[in-house]
Amino acid sequence: MKFSAATLFAAAASAAVIGRQSAVYSVSQFSAACITHSTQCLYSFNVIQPGTMETQGVNCTALVPANTDGTLPDVEEGTCSQSSRTFSVERNTDGLFFSVSQPVTPSSNQTASHEISNGELVMSFQPNANVQRYVGPTSFDLVYYL
């Protein structure tokens, strides 16, 4: 009986570790908005990799064409200044899937993500323009599952 109790405890502990999230990047000053009376949307943020020797984050931006309905568009390979990091944004039914990636070796990247919910996105109905913007937290971690 002692053996089976120990086995169950070990299995439960292993399951907890597998589902645990690890912060890979920390984002601050995040903003995303479509520009009123424009066909463009701007994503902008600062990102740092915690637990490394990095002391200052890098600034990342993308000025991209808005969707025809004024919603925030997808971004592929957004750039970060003075860094090999890139970012992407993909729209889904729950909101936006935001991720940052950087090369680790010539054949692999370290990528982490954050889900932006529809509740953090608002539409503003302006004269002659409908535009979407992000109203959620400006700082958050990007994670991946172990």
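A disulfide is a covalent bond between the sulfur atoms of two cysteines. Here, a pair of cysteine sulfur atoms counts as one when they lie within 2.5 Å.

**View 1. Two disulfides in a predicted model.** What you see here is a predicted model, and it holds 2 disulfides. Number the bonded cysteines along the chain and the pairing reads 1-2, 3-4. The next two views take the pairs in turn.

**View 2. C34 and C41 make one of the disulfides.** Their sulfur atoms sit 2.0 Å apart. The torsion about this S-S bond is about 85 degrees, so the disulfide is right-handed. Are its ends buried or exposed? C34 has a relative accessible area of 7%, and C41 has 0%. Buried means under 20%, so C34 is buried, and so is C41.

**View 3. C60 and C80 are joined by a disulfide.** Here, too, the S to S distance is 2.0 Å. This pair links distant parts of the chain: C60 belongs to strand β3 (residues 58–65), C80 to strand β4 (residues 75–80), and the two cysteines are 20 residues apart. With a torsion of about 100 degrees about the S-S bond, this disulfide is right-handed. C60 is buried at 0% relative accessibility, and C80 is buried at 6%.

**View 4. Stepping back to the whole protein.** The protein exposes about 8800 Å², with carbon and sulfur atoms supplying 57% of that.

Key:
Residues are numbered from 1 along each chain as its sequence is written. This is a predicted model: local features need pLDDT of at least 70, side-chain atom pairs count only at pLDDT 80 or more; totals for chains, interfaces and linings use all residues. Side-chain values use heavy atoms; hydrogens and water are left out. Accessible areas come from the Shrake-Rupley method with a 1.4 Å probe; for residues, only the protein chains shown count as cover. Buried means under 20% relative accessible area, exposed over 50%, partly exposed in between (1.4 Å probe, protein chains only). Helices (H or I, at least four residues) and strands (E, at least two) are DSSP runs, numbered from the N terminus.
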